[in-house]
Protein chains: 2
Amino acid sequence: MSKKYAIGVDYGTQSGRAVLVDLTNGHEIADHVTPYPHGVIDERLPGSGKPLGHDWALQHPDDYLEVLRRSVPAVLREAGISPQDVIGLGIDFTACTMLPIDEQGTPLCFKPEWRDHPHGWVKLWKHHAAQEEADRLNAIAADRGERFLPRYGGKISSEWMIAKVWQILNEAPEVYEATDRFTEATDWVISQLTGAFVRNSCTAGYKSIWHKREGYPSPGFFGALDPRMANLTETKLRGDIVPLGTKAGELTPEMAALTGLAAGTAVAVGNVDAHAAVPAVGVVTEGKLVMAMGTSICHMLLGTEEVEVEGMCGVVEDGIIPGYLGYEAGQSAVGDIFEWFVEEGVPAYVKEAAEREGVGVHQWLTDRASRYKPGQTGLIALDWWNGNRSVLVDTNLTGVVVGYSLLTKPEELYRTLLEATAFGTRTIIDAFHGSGVPVREVYACGGLPQRNPLLMQIYADVTNREIKVADSKQTPAVGAAMFGAVAAGSAKGGYDSIVDAARAMARVREETFKPIPENVAVYERLYREYRELHDYFGRGANDVMKRLKTLKDEASHSS
Amino acid sequence: MSKKYAIGVDYGTQSGRAVLVDLTNGHEIADHVTPYPHGVIDERLPGSGKPLGHDWALQHPDDYLEVLRRSVPAVLREAGISPQDVIGLGIDFTACTMLPIDEQGTPLCFKPEWRDHPHGWVKLWKHHAAQEEADRLNAIAADRGERFLPRYGGKISSEWMIAKVWQILNEAPEVYEATDRFTEATDWVISQLTGAFVRNSCTAGYKSIWHKREGYPSPGFFGALDPRMANLTETKLRGDIVPLGTKAGELTPEMAALTGLAAGTAVAVGNVDAHAAVPAVGVVTEGKLVMAMGTSICHMLLGTEEVEVEGMCGVVEDGIIPGYLGYEAGQSAVGDIFEWFVEEGVPAYVKEAAEREGVGVHQWLTDRASRYKPGQTGLIALDWWNGNRSVLVDTNLTGVVVGYSLLTKPEELYRTLLEATAFGTRTIIDAFHGSGVPVREVYACGGLPQRNPLLMQIYADVTNREIKVADSKQTPAVGAAMFGAVAAGSAKGGYDSIVDAARAMARVREETFKPIPENVAVYERLYREYRELHDYFGRGANDVMKRLKTLKDEASHSS
């Protein structure tokens, strides 16, 4: 039997990427990126040029198909293999990225009568115009003592499905009416590939408040939001919800022609980008925290019992790995903070020195920062540049730096910001560990761990845990391919479970980051300082940040 | 009678400047700067090249005479007036800038046997190597319940006379032994001009712990420091102490030849730079706070009763204006913070934009910052980049910024730093006003008010007081000249009192900075936030800054 492969397609915010993976060892044989022709639509609708509101962010569903049209044939070509040897296909997506479709599964925005209606289009994850709906939803859920609320750290996000659906109902009841189903984009793409509609347990659980045994919130709850939504889940959110790794179906002849793959190729149910990365680093059991580290951090952890953990984003059975409770938490800004600093806080002489030395500014700062020992800067920061999502779940919190002197250097501030984000992760780990969801090992994937070894050493020292780093540039796409191989099954040369797939294909680098005892000791003291400031500014002792925001709003809106 | 003039000589840290002033209206007719040939001596002794310790800062006494040799003839030449029409001479100096002299008034460092001994030289105000002595002095004074301590905000500085003298005794008892007197440089220069030695009430009071009625601390106190110092004040600190404006004597023929002035010209007793500025802006009565604003701020205020004010640097009868108690307070970094920010915290694009627009970076930031309304940045800072000298008197406090977001811009931080220093001044004003030393008006002199109108408006809004700005570039030198005119007296065409001199010669700009009520209201709310953070970090609720300093020291000293 010839060597077998699977393809994973990773749908990001600006582009989609196909990766062709060797099933024997997880090696990435070929990859190809297709930028979305319409990108993020946040000013005007394509065609009509209709202006969009503040905080809107839409996408064009055909862009997702364009990735299949261009990138899948490209990786086949580059790898030079027969389509017959690609036995499975999986995808991962940003979420909640959702759209309204009709009875035939056609996006409303493809239809002439809805093309010029903003609510007919895909709402991207970062569409933030449903904040009012989210606020009201949270207030009503709290009032009613809804049991689902603690599973989401006490707060349902405006980025998620129900808030976005409610916004449509409020602002465009005719669109709501004309919608047969609301679907995650990841499930819609799978339905296009297979011709059958099925929902995946990951997005249903994390983004649509679905629970494996309890199902969706009750009609009573939805009716309390709006009587017209009372039957939402049995109508517009209907559809089988199946665990990750389930075979959604087989590639239709039409999609085979479009992609260059063989008709009948097994297709896995949709998945979410960060969650697909978990098996790709070999994490298929409890005790191992996976950090998808980039502009922000998404923390994922498997558990065997459902408990409440302060500030978690969600706990979903089968949400990450079938058979486990998948816990998710996060930090709302990490790489974004370092980027902000390089853009807005690094003096010209640093930029010039970096240019002279032929290195990037991040690299220059990291080199200089690594010459300091823990504690040597005399500085500490609260990493709340984009609010706090870790355990406080409060977007009105802001960043703090304590310890400035006239001798403070940019590289010291840079190191302080790296450390602050590590303290944020430590806070999350302590919350899980202290709530009975053990964290024994830490895995990292994403862009940051590849680029910044100092950052990873600091995380190891601050968390006092060894950190293993993914040996892959496209961890989510590899994970998606693994789920594709599971959808195919061992009889076709794939795997019968994600555990088997991970055993063969997951890859972490040999070199790991081990805690250095003397650094751990100093960071333990600094972390206590972090927590004291964290609780002072974050738990109501001094709500100065909120009052400053109020003053800022007042000043910005006064004439 | 022809028009009469006086000369003021301002001795700064790097140079001395002579200003020739019209006695009828205070106009500056001519000025001339002489950079000190030896500058600040902080690495090696001149001649021997002997290396100096960390934190040392010395000067060469002949540099002070060089200013007289060069700058006084220069202003006479420039003004084109007869030396006979210069009826008075006054000087002002940095303080405590002190030196050991012998029985003839010769600085020890002028003598071959002491030339190569670092302790034989002038210790500049910013010589910081007597910190241990200051710490022990403060501990002993507190133990003994010395009554003088509250007059100095509870702390005698390492920059002042007694700590510096004690360092000499500890490290070089042979220099201590060989010293006939320790003198302020300002008094030494006057003794050179007149041939007679007299001490002024300003430096004696603020820098040598002298009190008009109580005199110096007791021999018991000095003996407790070191038995060898028990008789310090009756020996090496002996000398008449007379109020500012007193005529110290007349110019000797020798110094007349050196300066080009007429022998017999009246010479006022020495003075201190910031204090000389007070009458130069017309402040000769209580209720008016004068701020000398530059790298730091020195706040001066006249009162009629001696009270304790938290954190004041000193209260001295006749210390600023004869007949009044002169109160002094200060902020340890103001312009220095803005300078630090421009050096270390302003991104390249700002520097480039400023260059493109042909303005300085401070100017660019000020222009942008002035487009924000109070409160609009969402930021607040504690201005403790160089510790806190205002009311907490704690060098181990450090700077804080609260309110960072991913959208925070450099000009917002700049505005926040301006505001933070204004809150520091407000704290001082509140301390005085609340202790029964009223502050009704505010006057500003120095470099900052000339350069930054936004800063001055913020100070007016934050303090809710009108601010008048000196109409002089060299306010201290003009003040010194005024005291010279008083030394001459009205019979010679001068004045009989500094009050008379100020009435004729003091000058403030017509345009003042008036509080804008809506800004005052917002800053009142921001100031409450400042004070809450001030007390939290500064009064022991959370000593994180001190623990960070400890960690920093430990990290810096570990191998």
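The chat below goes through the interface and several local features of a predicted model.

Student: What should I know about numbering and cut-offs before we start?
Tutor: Residues are numbered from 1 along each chain as its sequence is written, and chains are lettered from A and ligands numbered from 1 in the order in which they are written. In this predicted model local features need pLDDT of at least 70 and side-chain atom pairs count only at pLDDT 80 or more, while totals for chains, interfaces and linings use all residues; side-chain values use heavy atoms, with hydrogens and water left out.

Student: How many residues of chain A are in contact with chain B?
Tutor: 58 residues of chain A are in contact with 58 residues of chain B. Contact means heavy atoms within 4.5 Å.

Student: And how much area do chain A and chain B bury between them?
Tutor: About 4,600 Å², with 57% of it on carbon and sulfur atoms. Buried area is the accessible area (1.4 Å probe) that two parts lose on being put together, summed over both.

Student: Which residues in chain A lose the most area to chain B?
Tutor: Glu344(A), Tyr404(A) and Leu406(A), which together make up 16% of what that side buries.

Student: How many salt bridges are there between chain A and chain B?
Tutor: The count is 10. A salt bridge is a side-chain nitrogen of Lys or Arg within 4 Å of a carboxyl oxygen of Asp or Glu. One pair is Glu529(A) with Arg547(B), where the closest N and O atoms are 2.4 Å apart.

Student: What about polar contacts across the interface?
Tutor: The rule finds 24 residue pairs, both residues being at pLDDT 80 or more. A polar contact is a pair of N or O atoms within 3.5 Å; within protein, one must be able to donate a hydrogen and the other to accept it, and residues adjacent in sequence count only if both atoms are side-chain atoms.

Student: Which elements give two or more residues to the side of chain A that touches chain B?
Tutor: In chain A they are α10 (335-344), α11 (348-357), β18 (399-404), α13 (410-434), α18 (517-538) and α19 (544-557). The largest share, nine residues, comes from α19(A). Helices (H or I, at least four residues) and strands (E, at least two) are DSSP runs, numbered from the N terminus.

Student: What does β18(A) pair with?
Tutor: Strand β18 (residues 399-404) of chain B, in the antiparallel sense over five bridges. Two strands pair if DSSP finds at least two bridges between them. Tyr404(A) has Gly399(B) as its bridge partner in β18(B).

Student: Moving to chain B, is Leu407(B) buried or exposed?
Tutor: Leu407(B) counts as exposed, because its relative accessibility is 70%. Buried means under 20% relative accessible area, exposed over 50%, partly exposed in between (1.4 Å probe, protein chains only). Leu407(B) is found in the loop between β18 and α13 (410-434) of chain B.

Student: Why is α15(B) described as largely enclosed?
Tutor: 10 of the 11 residues of helix α15 (residues 453-463) of chain B are buried, so the rest of the structure largely encloses it. The buried residues include Leu454(B), Met456(B) and Asp461(B).

Student: What caps the N-terminal end of α15(B)?
Tutor: Asn452(B) does, with a side-chain oxygen 3.2 Å from the backbone nitrogen of Leu454(B). Just after α15(B), Asn464(B) takes a positive phi of about 50°.

Student: And α11(B), which residues are buried there?
Tutor: In helix α11 (residues 348-357) of chain B, Ala348(B), Val350(B), Ala353(B) and Ala354(B) are buried. What covers them includes α11 of chain A together with α12 (361-369) and α13 of chain B.

Student: Back in chain A, which residues of β15(A) are buried?
Tutor: In strand β15 (residues 314-317), Gly314(A) and Val316(A) are buried on one side, and Val315(A) and Glu317(A) on the other. β15(A) pairs with strand β16 (residues 325-331) of chain A in the antiparallel sense over four bridges, and Val315(A) stands opposite Tyr327(A) in β16(A).
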